[in-house]
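Hi,

Here is the structure I promised to pass on.

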Amino acid sequence: MAHTGAAGGPETSLPHSGDLELELPPPVNWLRQDSLYRDATRPAHGAHHHGGQESWVRTLRLAFQCVGIMYADLGTSPLYVYANTFKYGVHHEDDVLGVLSIIIYSFALFTMVKIVFIALYANDEGDGGTFALYSLISRYAKICLIPNQQDEDELVLRYKHQAKPSATRRRAQWMKNFLETSKAAKISLFFLTILATALAISDCMLNPPISVLAAVNGLKLKAPHLTKDAEVWITVGILVALFSVQRFGTDKIAYTFAPVVTVWLLLIGGIGVYNVIKYDIGTLRAFDPKYIIHYFQRNKKKGWVSLGEILLCVTGTEALFADLGYFSIRSIQLSSTFGLLPSVLLTYIGQAAYLRKHMDMDISNAFFNSVPSSLFWPAFILALIASVIGSQAMISCAFATMSHLQALNCFPRVKILRTSRHYWGQMYIPEVNIFLCVSACVVTLSFRTTGFIARAHEICVVLVMVITTLLMTIVMLLVWKVNIWWIAIFFAVFMSTELVYTGAVLYKFVHGPYLSLAMSAVLMAIMIVWHYVLVKRYKYELEHTVSRDKVKGILERQDLKRVPGLGLIYTELVQGIPPIFPHLIEKIPTVHSVVVFITVKHLPIPHVDVSERFLFRQVEPKHLMVFRCVARYGYLDTLEMASEFVKILVEYLQYYIRDINLYALGDPLMRVSNCSARIDSFSTEKPSGRHAVYAEEMLTPIQSFSELTMHPVGINSVLTHLQTAKLNVEEMIKIEEDQKMVEREVDNGVVYILGETEVVAKPHSNLLKKIIVNYVYSFLRKNSRNGEKMLSIPRGQLLKVGIAYEI
């Protein structure tokens, strides 16, 4: 038994009767090794890749990359904001100051204050976006609609508790109880999350066309005979080229694009300063918010409606938050404060100075008209490149969003490729990339101008802003536990302003916003159908789990043959034996020498350390070598290849066999307090005539010895006991034989057994349910990646078992 310890490092041996030696981890590793201990001793916010302990060299490097990925979208919005806001011309020179003042305070309020200096701290161990907010809430309140929570998950989820009750603590507890007990609250949170993700993906279809079209439109100044068809096809060609380079990875793209965007921001900032000095330095008066009041007084309803177009100045802000997983908080704050903010505001101010002196010009090219003639071609080329790069932030956001949906079981399976060994948040999804490319090209060919696309774009931006504010408020109450007055101020300021913008956007519903909502509705329908059927299927299996006595009867059947090898039976259940097992034995009365029921489960956290990944228990009778295992992953973790997964699984299974038998051989007091509480909870009971399945408590191998040290007898007593106890030599030999048997059966071959489950609606179900389950879900399942592809299972080792569920 030459294994390394579960907690790492070499093993030590304690002498006992006979020649057999009992291998134990060294005392230094007998400290408590669960996640609560590690959480208390490591830097906050997952500093191992995102937190405040990163070096300044790394921060500056990431800040430089931020420019290439995150800021091109925000940095190219000056190409079309004024053009769409004043599409019917400027009627009063102070209207320019009013719009500029709204832009300044909108950018400062929504982008800088809300996102950069508040929302970025509401990250889920370095991951950002709407889904990260939802997963963060999930770690403090059980809001998951699939009933697969286990008590052991709380160790990995790293719940935080305050020792002393306080007003903020009581409010947090009230919020927790409300979210856990109210089905309407759970469904509402889930609905808001998938709505935001659907809008984000829709936005990714619209952002590239509007950015590139706006840049290409500048060619008209030098090539007035350029037709609209030519502009559109040039845009389509650029979009195809953009999406084709995504497979090279965000890390390489960032380093390639960052210098270009840096030069772009410096150029537009310099042009802004030039225009302010040359045309009207009095434009700086726009920092006085009174011009906002005067603007609405003059324009009334038209002024309110124009807020939708003005909102485009913050487009890309939602991607800035969602793409946090690619970078770090400090790098984003540094680069946005000293790079993005001054450059963008100077550009808007410079354009406003030019417009005040050229009110009768063609507004559709306001940006390029304001550029000095000697700088036109450099500005045009950089604008075109920056527009292409600006789309990169939204594409990266789409990849991150789709990864989150997979973990939430809200979308058919897709292939996710990690593109960086250093930053887990960087990924590439081929199917999503192709879908976005086709969608962006169709939008460009169909609508051809920035005006219509811009109005469709607005609704995505504003609704995501509103949802982020709602979820942030819950995070402040439940997670941060800040003073209620700060929460009230945050909610009142942002919700009131965002609702004003929302009303302005919805007023023009038939002129563009319906496109975004229609696309989002289709995506949401897919998410809801997929999640609904998965929840129903899980509950069906939960209600039909095999009882303990029946499992024992199946395993002790006289006609049941044991064949060499390790059989891995995959199931969705985290507790109990699934109905597919007796179905398999009924058809083929054969089972492998070692059987492990595997459940791959995603927790609402970015990463699960491999030491905390597996939860085991042994199914009675023990000599038959049948085990249950839950393999837990974070939503940013990558599933290993099948061979690598088996290697890790077997290693920790052997630790489990060692640990669980050592409990049985140890002190009776420890055996009662540790072993029985964890091993015997397998049954499905029917109290008061009702069917209830209780989540079984499993043993994490790495926790076993550490929990012994937490026993009241103390670590010294435990060590003394294990050194002096008259351990049964036969039992110790049995432990070693069981471990060697597992290794031997792995060498004999591993077979992966997957259920080919057909889900159909019950005959008496209503028509809508039959359509959803029998047709829509069936179509989605047949056209998504199969389980064996997601798990990278070799075809030669795969066994599929067909079974039908009526839900």
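I'll start with a lysine: Lys481 is buried, because its relative accessible area is 10% and the cut-off for buried is under 20%. You'll find Lys481 in the loop between helix H19 (450-480) and helix H20 (484-507). As for what its side chain is doing there, it reaches the backbone oxygen of Leu478 at 3.3 Å.

Before you go further, do keep in mind that this is a predicted model.

The overall picture goes like this. The protein chain has 30 helices and 12 strands. Of its 807 residues, 59% are buried. If you take contacts between residues at least 6 apart in sequence, 84% of them join residues at least 24 apart. The accessible surface comes to about 32,200 Å², and carbon and sulfur atoms account for 62% of that.

Now to helix H5, which covers residues 93-116. With 24 residues at 1.5 Å each, H5 should span 34 Å, and its end C-alpha atoms are 33 Å apart, so the two values agree. H5 is also mostly covered, with 18 of its 24 residues buried. Ser101 sits in this helix and counts as buried because its relative accessibility is 0%. What does Ser101 touch, leaving aside neighbours within four places in sequence? Its contacts are Ala286, Asp288, Pro289, Tyr291 and Ile292.

Phe287 lies in the loop between helix H11 (250-279) and helix H12 (290-305), and at 39% relative accessible area Phe287 is partly exposed. Together with Tyr105, Ile281 and Leu284, Phe287 forms a nonpolar surface patch with about 380 Å² of accessible area.

The C-alpha atom of Tyr88 is 8.3 Å from that of Ile363, although the two residues are 275 apart along the chain.

On to the charged pairs.

- Lys87 and Glu309 meet through their side chains at 3.7 Å, N to O. This pair links distant parts of the chain, with Lys87 in the loop between H4 and H5 and Glu309 in helix H13 (residues 307-310), 222 residues apart. Lys87 is partly exposed at 39% relative accessibility, whereas Glu309 is buried at 3%.
- Lys508 and Glu458 form a salt bridge whose closest N and O atoms are 3.3 Å apart. Here too the pair links distant parts of the chain: Lys508 is in the loop between H20 and helix H21 (513-543), and Glu458 is in helix H19, 50 residues away. Both Lys508 and Glu458 are buried.
- Arg557 and Asp559 meet in a salt bridge at 2.8 Å, N to O. Arg557 is partly exposed at 31% relative accessibility, and so is Asp559 at 42%.

Salt bridges that share partners also join Lys87, Glu309, Glu458 and Lys508 into one network.

Cheers

Key:
Residues are numbered from 1 along each chain as its sequence is written. This is a predicted model: local features need pLDDT of at least 70, side-chain atom pairs count only at pLDDT 80 or more; totals for chains, interfaces and linings use all residues. Side-chain values use heavy atoms; hydrogens and water are left out. Helices (H or I, at least four residues) and strands (E, at least two) are DSSP runs, numbered from the N terminus. The expected span of a helix is 1.5 Å times one less than its number of residues. Buried means under 20% relative accessible area, exposed over 50%, partly exposed in between (1.4 Å probe, protein chains only). Contact means heavy atoms within 4.5 Å. Accessible areas come from the Shrake-Rupley method with a 1.4 Å probe; for residues, only the protein chains shown count as cover. Patches are made of residues with over 30% relative accessible area and no salt bridge: like charges are joined within 9 Å, nonpolar side chains (Val, Leu, Ile, Met, Phe, Trp, Tyr) within 5 Å. A salt bridge is a side-chain nitrogen of Lys or Arg within 4 Å of a carboxyl oxygen of Asp or Glu. A polar contact is a pair of N or O atoms within 3.5 Å; within protein, one must be able to donate a hydrogen and the other to accept it, and residues adjacent in sequence count only if both atoms are side-chain atoms.
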